[in-house]
Amino acid sequence: MAILAVLTCVATLIIDERHTNSDADGRNIHSGAGEWPAGTCGFSNGLYSSNPAPALMAGKVKIYGRPQVIAPRGDVDWRYDPTHHPSVRLHLFSLKWFERLVTEGMKPDGKKMLERATLIAKDFVSDNLGADGPVHPEVWGQHATGLRASSLLCLRAAIGGRPWLDRALRTHAEQLAEDYAGQWNHGTMQDLALLVAGCQLQHAAARDLAVRRLSSAISVQVDEQGVSNEQSVRYQAYVWELWRAVHSAMQECEITPRRLIAERVRLMPAFLENATQPNGRIVPLGDSHAVPPPGVRTPVIRYLTSNGREGRPGKEKSAAYAAGFVFARTGWGTSGRQLKDEHFMSLRFGPARIIHGHNDHMSLTYYGNGRDLIVDGGHDGYRADAYRKYLQSPAAHNVVEVVGVRHQWDAPTRLTRKKLGPLHQFYEASDRAYGGITRTRGVLLVEDPGFLVVYDRGHDRQERTWRALWHLAPDFTPRKVSHSHVQALSSDGRSQLVVSQVPLPGQSVPSGSTRVARGVTDPYQGWVSPLEGQRLPASTALMQRHGKELRMLTLIVPAGVDQPVSWSATRDADGWYRVTVRIGFTERAIRVGPDGSMTP
């Protein structure tokens, strides 16, 4: 670990060489109870809130619902691995779970808690940083090291510099300098910890390296629209939290942050506002869970998460991001509909899959009438098994597959058209992700009464089997399956969801074209994971066509259980198709052009 030893101490930013963060004995000076150096105590994940001090004092550690780790009197079994799950090992080794002992330990009656935290940290150092080396190679994993350095800095802020603790932190700084994850959230966490360690320990080389890396990374990690490069809605929130902490840590270190950091950080919450559904939960795209926007409390987020009781509504109904996301809604609960009953859809496109993205280009999701309707496969953690491969694959998303042709994960998808009207929104995306075969998807959101029309087109020189996948929310169970459509009922019997192929004039839907898969395991199909640890059987409608050309028009219609739903298609004199949709007593006509355009 020689990098820090040979680094020069010349910073690339404006750096004030006064180090006012520590007093003479090394104890951190913070201005009041509950205020800690940025990026240390309580920062980064849910382990802080899920591990209250009384439980920790009883020796119980909860790691994301997994079996509890028993840590009596500070003597932890660092080999504890009952599930052989990488996330459990990561979070055990991160030490983020013990930070409530530190923060609660600073209260007048908290001496024993602070002592316990110190024992745990000493036990980790003794068992993993000694001559025998770590108990497991993942102890020095890039992300575990960054998170743990943050936790040790949290402890140092409470107990001050101690020879054993500062030696451990210097060892961590050396590791963070040499084994860099790069310009994504793991690398940012590493550099945040390296920055704070450098400032707290007055280690200029560590501090300056972190500043250089961070100053270079911001333009890669967050684009001009404020979207992170993680390709995940959940990680958008995490990256926002990271860069806010970076900005604060630089200021605490008497460093002038690069202006671009503040500019990009300021833009990031708007993406999360647009990605939050009317039920107050983010749409779980990429490695994401269907939860309220973590840690984000803008007025619009407060409005969405409180069902309109707090904050204020947003202004726009549509948002498209070059990173590959379209979010569209019928409104904000201010014009006739209640907020929870507004409709919301997402559509994915963009550059090749990286980091926490999935192979979900051209996939859409749909929420309406107070319910999830068409859903993403979700995320169940990072165990590298067949189920995770399924959740990342096109098969877990609402796409058209070309059966028997290998999907190219690195193929980009373009958003080719976007047209907005007073009561409709039209989007179109296109790519060549299956062996150069063209796929084009047009999506029309009809805002009143609320339904989707999807027009999938494809073309190849030889005959192909084209298969459209529609993942119904777990709340819906098919009641009727025909050759062309699926009618499903909600568990409370109040709502129906109809997904139907509409034969255009001159077309017929072949017998057996539509079937439903639910809870299949070889290979996986018909499953969703809205939260980590959840694997819920859910019905997937599979609709197939065969030929050199695909022209498949699909209706996705939510309605009350007592509302009849029907449709018909004709051709107008100008060559456009006219599709008439009837929902109860409401009738809407949709026009479909030869070039795939759609409009009411």
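Guide: In this predicted model, the protein chain carries 71 positive and 59 negative side chains, and the centres of these two sets are 4 Å apart. The chain contains 13 helices and 25 strands. Its C-alpha atoms occupy a box of roughly 85 × 50 × 45 Å along the principal axes. The radius of gyration is 27 Å, which agrees with the value near 25 Å for a compact globule, because that is what 600 residues would give. Of these 600 residues, 58% count as buried. The accessible surface is about 23,800 Å², and carbon and sulfur atoms account for 50% of that area. Among contacts between residues at least 6 apart in sequence, 65% join residues at least 24 apart.

Now the part requested. Strand S23 covers residues 577-583 and strand S24 covers residues 586-592; the two pair in the antiparallel sense over seven bridges. Within this pairing, Val-579 has Ile-590 of S24 as its bridge partner. S23 and S24 make a hairpin with two residues between them, and Gly-584 in that turn has a positive phi of about 60 degrees.

S24 also pairs with strand S25, residues 598-599, again in the antiparallel sense, here over two bridges. Opposite Met-598 of S25 stands Val-592. The hairpin of S24 and S25 has five residues between the strands, among them Gly-596, whose phi is positive and near 95 degrees.

Conventions
Residues numbered from 1 in each chain as written. Predicted model: local features only at pLDDT ≥ 70, side-chain atom pairs only at ≥ 80, totals over all residues. Heavy atoms only, no water. Helix = DSSP H or I, 4+ residues; strand = E, 2+ residues; numbered from the N terminus. Rg over C-alpha atoms; globule rule 2.2 N^0.38 Å. Buried < 20%, exposed > 50% of the residue type's maximum accessible area, 1.4 Å probe, protein only. Contact = heavy atoms within 4.5 Å. Areas by Shrake-Rupley, 256 points an atom, 1.4 Å probe, with all protein chains shown as cover. Lys, Arg positive; Asp, Glu negative; His and termini not counted. Charge placed at Lys NZ, Arg CZ, Asp CG, Glu CD. Pairing = 2+ DSSP bridges.
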